[in-house]
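Please keep the sequence and the model at hand while reading.

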Amino acid sequence: SKREIKMRKLDSTKVRPPKTEQLLHIEEHDFALRPGFGGSPIPVGIDVQVESIDSISEVDMDFTMTLYLRHYWKDERLSFRSNKNKSMTFDGRLIKKIWVPDVFFVHSKRSFIHDTTVENIMLRVYPDGNVLFSLRITVSAMCFMDFSRFPLDTQNCSLELESYAYNEDDLMLYWKHGNKSLSTDEHISLSQFFIEEFSASSGLAFYSSTGWYNRLFINFALRRHIFFFVLQSYFPAMLMVMLSWVSFWIDRRAVPARVSLGITTVLTMSTIMTGVSASMPQVSYIKAVDVYLWISFLFVFLSVIEYAAVNYLTTIEERKQLKKRGKASGMYSMDAVQAMAFDGCFHDTDVDMDLSPFPEPCEEIETRASQTNISNADTPRLKRKRSLKGNVGRIILQNNHVIDTYSRIIFPSVYIVFNFFYWGLYI
């Protein structure tokens, strides 16, 4: 009917208004030019909410961060009439039609805007022309790290924002709410680092060909957790150094035992040092962990050299004693190995090994020893214990070189002093 047709014509919500009646008159302006072109620089406020710090890489010297980046500026070309003074919100499709600040991340390696399920971009326009432009970004940027105190270090990294095309004569970049412009998620945590602080700062950057630019900084300090490296590097190194000291209590004649122990500890220390170096960048200066591992390696190496000196001096002393005994007795003498091969008995080199032409068989010597033990079986138990302890102590002293005696005291004392100085210097 005619009435229904008239009602349809009056229902303006079902009819798209012509371009001249749209709230945002985009086609009437040239948005290739910044707002207020030719006049004073346009102020663009920034605030950032850090969602997460995804990773810190010592090898690549960079960090990856996900954040919400928000821009605030005023463009009178986007103003519109509104009886209720309500803003209008748009998605990323309007961004290509209007002017937006060209903020980029200085020293960034890669970055992207999240696009699941659609691009994470929001544009909000207010009736007076104020604009809020927000987007969710993940960015990887360089962090110039100093590893001279690694792993007892604290790294200071920063994410820098700057306009690419507009210098300070055209665009003034500033923090929207001062120090409160930077906020973080309460649950941000890293496996190897503790985040000490977040702070916002600003400055200027100069380029010889284009001039001065406003630059904003997102600064954060990272302190490394030491417990992981104590378990993986420091504690094994301490154990290897202490294990190398065991050779000082082993008989100096036990050449295979002491040599194999020394070689094992040296190779283990080499493996620990190689594992630490593999996970670090190849820097040209010495790190704190290198100092500790190399000093520990030196202690282990010196324990091997110590036994080489003990063995050499022991051989010289035995040769001198054998020569003196041979001249004094005027009889044929031989070393312990030759004497054992001759009569089947073990001879201590500190005991007279001058052999008569007809030595006693070992069986007779052992028989006499067993008879002596049987005759003394009625002595008190306390006396036997004291006698046994005395014999063991005498054997240890006879088979111990003076260098081993001093090494048992000097090596642990110097290593304790080194640890005290090291941890006091770097912590």
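Which two residues form a disulfide, and how far apart are their sulfur atoms? The partners are C143 and C157, with their sulfur atoms 1.8 Å apart, where a disulfide is taken as a pair of cysteine sulfur atoms within 2.5 Å. The pair links distant parts of the chain, since C143 lies in the loop between β7 (130–142) and β8 (154–163) while C157, 14 residues away, belongs to strand β8. By this rule the count comes to one disulfide, and with -75 degrees about the S-S bond the link of C143 and C157 is left-handed.

The model is predicted, so that local features need a pLDDT of at least 70 and side-chain atom pairs count only at pLDDT 80 or more, whereas totals for chains, interfaces and linings use all residues. Residues are numbered from 1 along each chain as its sequence is written, and side-chain values use heavy atoms, with hydrogens and water left out.

**Overall build**

The protein chain has eight helices and twelve strands, which are DSSP runs numbered from the N terminus (helices: H or I, at least four residues; strands: E, at least two). Of its 427 residues, 37% count as buried; here buried means under 20% relative accessible area, exposed over 50%, and partly exposed in between, with a 1.4 Å probe and protein chains only. Residues 24 or more positions apart account for 76% of the contacts with a separation of 6 or more, a contact being heavy atoms within 4.5 Å.

The UniProt annotation "transmembrane region", from an unreviewed entry, covers residues 226–247, 259–279, 291–310 and 409–426; positions are given in the numbering used here, feature names are shortened, and such annotations may be inferred rather than shown by experiment. Over residues 226–247 the chain is 82% helix and 0% strand, with the end C-alpha atoms 31 Å apart, and over residues 409–426 the chain is 100% helix and 0% strand, with the end C-alpha atoms 26 Å apart.

**Core and a buried lysine**

The largest nonpolar core has 80 residues, of which I46, V48, F63, L69 and L159 touch the most other members; such a core is a set of buried Ala, Val, Leu, Ile, Met, Phe, Trp, Tyr and Cys residues joined through side-chain atoms within 4.5 Å. Because domain 1 (42–224) and domain 2 (228–323 + 415–424) both give residues to this core, the core lies between them, the domain bounds coming from an automatic or database domain assignment. Not counting residues up to four places away in sequence, I46 touches L69, L161 and W175, among others.

K287 sits in the loop between α3 (255–278) and α4 (288–329) and is buried, with a relative accessible area of 7%. Beyond residues up to four places away in sequence, K287 touches F147, S148, F150 and M280.

M61 is found in the loop between β1 (42–57) and β2 (62–74).
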